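These entries record a look at aromatic side chains.

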Amino acid sequence: MIGRLGRSWLLAGYAFLYLPIVALIVFSFNESKMVSLWSGFSLRWYYAIFTDDEILSAVGISLKIAFAAASTAVVLGTLAAFAMVRYRRFAGRTAFIAHINAPLVVPEVITGLSLLLFFVACEGLLGGYSLRGLLTVWIGHTSICTAYAAVVIQARLSEVDRSIEEAAMDLGCRPFQVFYLVTLPAISQSLASAWLLTFTISLDDVVTTQFLNAPGSTTLPVLIFSRARLGLDPTVNAVATITVALVGIGVTIASFVLVRRERRREQAQAAAYREAMPVAAQ
């Protein structure tokens with residue numbers, strides 16, 4: 001009885017999460033402009049995407065900002081993680097950790113508004129020169145994504161065995177060589193995970209982008225949100241379906257790559273263990 005009830009709750013949870021997505025995908029092939037009224041199968045809205053210059057421009061801008069923000073956030077997050085894990089005592093450590101973790105708990109509206117006020121103040125110092133655009137959106141996304149990257153990388157870095165790094169230094173490696181040859185491979189999966197996470201966060205951001213964007217720097221989520229406010233547009237369903245498909249393919253490929261890499265690592269460890277056994281027996 002308890003098992004059936006648990007499975008029922010699990011199925012209900014999955015239905016709550018995924019049925020809206022399934023409905024969105026189905027109605028993206030609807031011929032009618034009425035997104036809630038099925039009138040026949042059609043690919044007209046997919047063709048409309050590739051002839052809509054506004055959507056294509058927004059996709060390009062979103063990808064550029066997400067790539068730049070994710071890459072910058074991983075670099076800054078790695079530096080922040082090293083500071084929090086490897087340096088237990090330094091002046092202002094508590095304030096530093098608080099500022100790194102602040103974007104995780106502060107509402108995004110507050111973050112976007114504060115960044116907007118900051119850039120407005122900078123514009124005043126520059127004599128009214130407008131800063132808002134791709135640059136400010138990138139800075140805003142980076143400030144948020146760095147917190148997530150730091151948390152992911154910090155969790156992995158805290159598990160790295162320091163004795164391996166110390167052994168490398170005893171063998172003559174310099175600090176940069178230790179980082180490049182020992183530490184970086186050990187945390188490489190967390191770097192990839194942090195990059196994918198922050199890329200997704202930046203690609204999906206609406207609130208902060210609304211505060212910081214300008215004409216010519218409209219991202220795809222902001223464009224979809226603005227069109228949805230004016231009325232449901234069938235092209236939005238098609239864009240969302242393509243996004244879901246790309247994300248699903250990306251996750252599947254990444255899962256296969258991680259599984260193969262883990263199997264190779266286990267095989268290498270097993271081979272090293274088999275080679276070490278005769279030596280230990282002698």
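I first looked up the accessibility of Y14, which is partly exposed at 44% relative accessibility. The terms I use are buried for under 20% relative accessible area, exposed for over 50% and partly exposed in between, with a 1.4 Å probe and protein chains only. The model is predicted, so I note that local features need pLDDT of at least 70 and side-chain atom pairs count only at pLDDT 80 or more, while totals for chains, interfaces and linings use all residues. Residues are numbered from 1 along each chain as its sequence is written, and side-chain values use heavy atoms, with hydrogens and water left out.

I then searched for ring pairs, meaning rings of Phe, Tyr and Trp (its six-membered ring) with centres within 6.5 Å; planes under 30 degrees apart are stacked, over 60 edge-to-face and the rest tilted. I found seven aromatic pairs by this rule. One of them joins Y14 and Y18, stacked at 6.0 Å centre to centre with 25° between the planes. Y18 is partly exposed, at 46% relative accessible area.

I next noted F118 and F119, an edge-to-face pair at 5.4 Å centre to centre with 65° between the planes. F118 is partly exposed at 48%, whereas F119 is buried at 5%.

I also recorded a cluster in which ring pairs link F29, F41 and Y46.
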